[in-house]
Amino acid sequence: MQSPGATAAHAAIVYNPASRIALDQVRAAVEAQERHLGWDQSRWYPTGRKDSGRSAAQEALATEPTVVIVAGGDGTVRAVAEVLQGSGTALALVPAGTGNLLARNLGLPLGDINASVSAAFGMMTRPIDVGMAELEDTAGSRSSQAFLVMAGIGLDAQMAQNTSALAKRHLGWLAYVSPIARSLLANRSIHLRYRVDDGRVRSARAHTIIVGNCGTLTGSMLLLPAAQPDDGLLDVVMLRPKGRFDWARIGTRLAVQGVAHRSRFGRSMLQLAPDMQALAYAQGRDFTVRFEIPHGVELDGDSFGSILAARITVRPAALQICCGDTTPE
């Protein structure tokens, strides 16, 4: 991982002070691995409120670490990955967020600090893709942001925008009940024009648009059955329910897909799940979309305001993730 003449092996830990994590336990596990492997003392970088970890990651990367360990949620992981992508420096996770969706999709340890830190120092890595979202806001300004799990517009973005960090920290996923209920009752749809790769421009109405690099949500609900974090592709789903009954059918379908994904009887179970026009899927490397009016957008659970257009692409194998002895799904 390091070039000749670089500093001795050491880890850099980027941590979110606001996350629900026992930092003393993380320090103890890190120090135990340092002693066991003979590494130099690790260096610690707290995230700031303004950039969720990007500055801390830049500071850490400048010291040429052997691995960057992120102790935080998906938002912190996303910010650090944005800096590390393409560098060749491995990223490891000590999940400490509300959803921890990247760790769930990669089969990494959850709720086990020692196992997470051990995987980080074990340096067995796998490459994963990085999604890139070029966003155009209401003033016509453009910004480019990375994501690892999903980009969402519609209900997904409303949840990210309307749910406070304090509520998520104390209530976990229960904090999303109120914004979900408000959105379901309103049942507002979005008019959009979109294109996948070099296909023709299409017009559609949808309640929610998700572009994913991974497919599984919290609760083992499988939203994007074909999504793989290392296939060089993006998976798109548009949720187009006509009413509350369709929402119930969508929930049933996603739950059955999640169970089937983990079962050897998966194909038979999927035949029992309700099929519907309310879920429209597509797959490609380049997804462009434009709206008539501004809509909110979220990346890996963090709100990025309102946009009028987006171009979402994929960078294959752009990030190395420490996976311990887990087997890629």
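Author: E136 is buried, with a relative accessibility of 13% (buried means under 20% relative accessible area, exposed over 50%, partly exposed in between, with a 1.4 Å probe and protein chains only). The model is predicted, so local features need pLDDT of at least 70 and side-chain atom pairs count only at pLDDT 80 or more, while totals for chains, interfaces and linings use all residues. Residues are numbered from 1 along each chain as its sequence is written, and side-chain values use heavy atoms, with hydrogens and water left out.

E136 forms a salt bridge with R290, at 3.2 Å from N to O (a salt bridge is a side-chain nitrogen of Lys or Arg within 4 Å of a carboxyl oxygen of Asp or Glu). This pair links distant parts of the chain, 154 residues apart: E136 is in strand β5 (residues 125–137) and R290 in strand β13 (residues 286–299). Helices (H or I, at least four residues) and strands (E, at least two) are DSSP runs, numbered from the N terminus. R290 is partly exposed, at 43% relative accessibility. Shared partners join the salt bridges of E134, E136, R142 and R290 into one network. Within it, R142 pairs with E136, the closest N and O atoms being 3.5 Å apart, and R142 is exposed at 57%.

By this rule the model has seven salt bridges. One of them joins E82 and R54, with the closest N and O atoms 3.0 Å apart. E82 lies in helix α3 (residues 74–84) and R54 in helix α2 (residues 54–61), so the pair ties together parts 28 residues apart in sequence. E82 is buried at 13% relative accessibility, whereas R54 is partly exposed at 33%.
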